[in-house]
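Me: Hey, can you walk me through this one? I'd like to start with the strands and then get to the chains.

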Number of protein chains: 2
Amino acid sequence: MSEESSRNTRKVEVVLSPALFPVYFENIDCTVVVIDVFRATSAICAAFESGIDSLIPVATLEEAIEYKKKGFLVGAERNAEVVEGFDFGNSPLGFKDGQFKDKTIVLTTTNGTKAVDMAKSAHNVVIGAFTNFTAVCDYIEKADKDVLLLCAGWKDRFNLEDTLFAGAVAEKISQNLRFRNLSDSSIAAINMYNSAKDDMYEFLGESSHRKRLSRMNMEEDVIYCLTLDLSNIVPVLQGNVIVSNRE
Amino acid sequence: MSEESSRNTRKVEVVLSPALFPVYFENIDCTVVVIDVFRATSAICAAFESGIDSLIPVATLEEAIEYKKKGFLVGAERNAEVVEGFDFGNSPLGFKDGQFKDKTIVLTTTNGTKAVDMAKSAHNVVIGAFTNFTAVCDYIEKADKDVLLLCAGWKDRFNLEDTLFAGAVAEKISQNLRFRNLSDSSIAAINMYNSAKDDMYEFLGESSHRKRLSRMNMEEDVIYCLTLDLSNIVPVLQGNVIVSNRE
């Protein structure tokens, strides 16, 4: 693509670790998709699909404890486990029963909610997961801004599952001519998604986080998190609170 | 792989950007391979193959100017061009004539020499490029330490060509049972290399840096830098100076 035509298209960049976000975040007038497939962003999508009113993401356990003292329902996960004394963790299956319907809940996780916090000065910050894949792609196209696909990773390390989702989104939106200005990281993520898409579960068999979840008997969560389009809600950040885009 | 067997093998991790080096660098008793395929590490390999005695990598133009004042032959590249007033840049073809034979030269580049500087507290720091691929893999296996494959990238952004080389090395050494403890980033780099290896030139056609070099008519450099095993020398860092491993 020539430089001239690049100027008329939106940039699509995959940020492969939160530690790289400052390198790629050059312009607040963009859409940032926060991605933590196993399991924070899948859980947030499940929470909205189950009917919660809103979700307050917090980066630290200290903030989460403050909300708990004020009477909020608070979820906290560290190292893939529910932190003792909190109401729930980041399993998307924890929202199946609809017990949080119409409520405002609070959540802190090892990687995902920190990534939301980091991105919050961008114009549009949304929550992406395979479970709301098509809705997220539609949102991005309508917003018509440069796109940063922010992989939450694992403690600032690259991970496969978030990159696969970023690749899926980059491939889908780049079918629209407006979103054809792909960074090297987007090209790599698309290539990886195309290798994996016929059996993502198998492709992720050797990945660090899937092994971590397998040891903890969370295979059911893994399968849920790799399922496409269970929800057509896009959770969006408004100020410091995440709400549904459909209100 | 079980945790038990992981403990008996060497970790192989691809560091996808210098900005991620602090995240992955946990133990100085490791081998760091610095990778800047287009073109610093390919140029350093070419310089040693042409018979230079040693190379002093410096991170800044200020340091390079100091060496120039002392009478050294000094190369300096910024944004893919030779900096005015210096003796050479980072084109590997600049070393073809052997005019630097037995000399100590100084080099500073946009990305590569900064990555060397960052890695220098590790036990083994070596220079890797497609042009010394097999020699680097042999060196890693003999050193028998955990491995960090450090991609110099472009101004802290991920790039395709360095990751392809890292994937080629990770794949080759992981055929040795001792080097089977692969990070997610290594799995991704191997996957990408396997997609690209039949025609790396074509695969890189849309990459940011190849486009940059094409605009500058450096296709000959690109083809050189993608050629396997033109040298069996591994340039290694000793203190602040790079020397050949064959002395």
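Me: How many bridges join E4(A) to strand E5 of chain A?
Reply: Two bridges join them, and the strands run antiparallel. Keep in mind that this is a predicted model.

Me: Ok, and which residue stands opposite A:Glu81?
Reply: That's A:Arg78, facing A:Glu81 in E5(A).

Me: What about the hairpin, how many residues are between the strands?
Reply: The hairpin of E4(A) and E5(A) has two residues between its strands. A:Asn79 takes a positive phi there, near 50°.

Me: In which sense does E4 of chain A pair with E6 of chain A, parallel or antiparallel?
Reply: Parallel: strand E4 (residues 73–78) and strand E6 (residues 104–108) of chain A pair over four bridges. In that pairing, A:Val74 stands opposite A:Val106 in E6(A).

Me: New topic. How many residues does each chain bring to the contact?
Reply: Chain A brings 22 residues and chain B brings 22 residues. On chain A's side, helix H7 (160–173) and helix H8 (184–196) are the elements that give two or more residues. H8(A) gives the most, with seven residues.

Me: And what kinds of residues are on the side of chain A that touches chain B?
Reply: That side divides into nine nonpolar, nine polar and four charged residues.

Me: Why do the copies meet through the same surface?
Reply: Because 100% of the interface residues of chain A are also interface residues in chain B.

Me: What rotation superposes chain A on chain B?
Reply: A rotation of 180°, with 0.0 Å of shift along its axis and an RMSD of 0.0 Å. So the two copies are related as by a two-fold rotation axis.

Note on methods: Residues are numbered from 1 along each chain as its sequence is written. Chains are lettered from A and ligands numbered from 1 in the order in which they are written. This is a predicted model: local features need pLDDT of at least 70, side-chain atom pairs count only at pLDDT 80 or more; totals for chains, interfaces and linings use all residues. Two residues are in contact if their C-beta atoms, placed from the backbone, lie within 7 Å. Ala, Val, Leu, Ile, Met, Phe, Trp, Tyr, Cys and Pro count as nonpolar, Asp, Glu, Lys and Arg as charged, and the others, Gly among them, as polar. Copies are superposed by least squares on the C-alpha atoms of residues with pLDDT of at least 70 in both. Two strands pair if DSSP finds at least two bridges between them.
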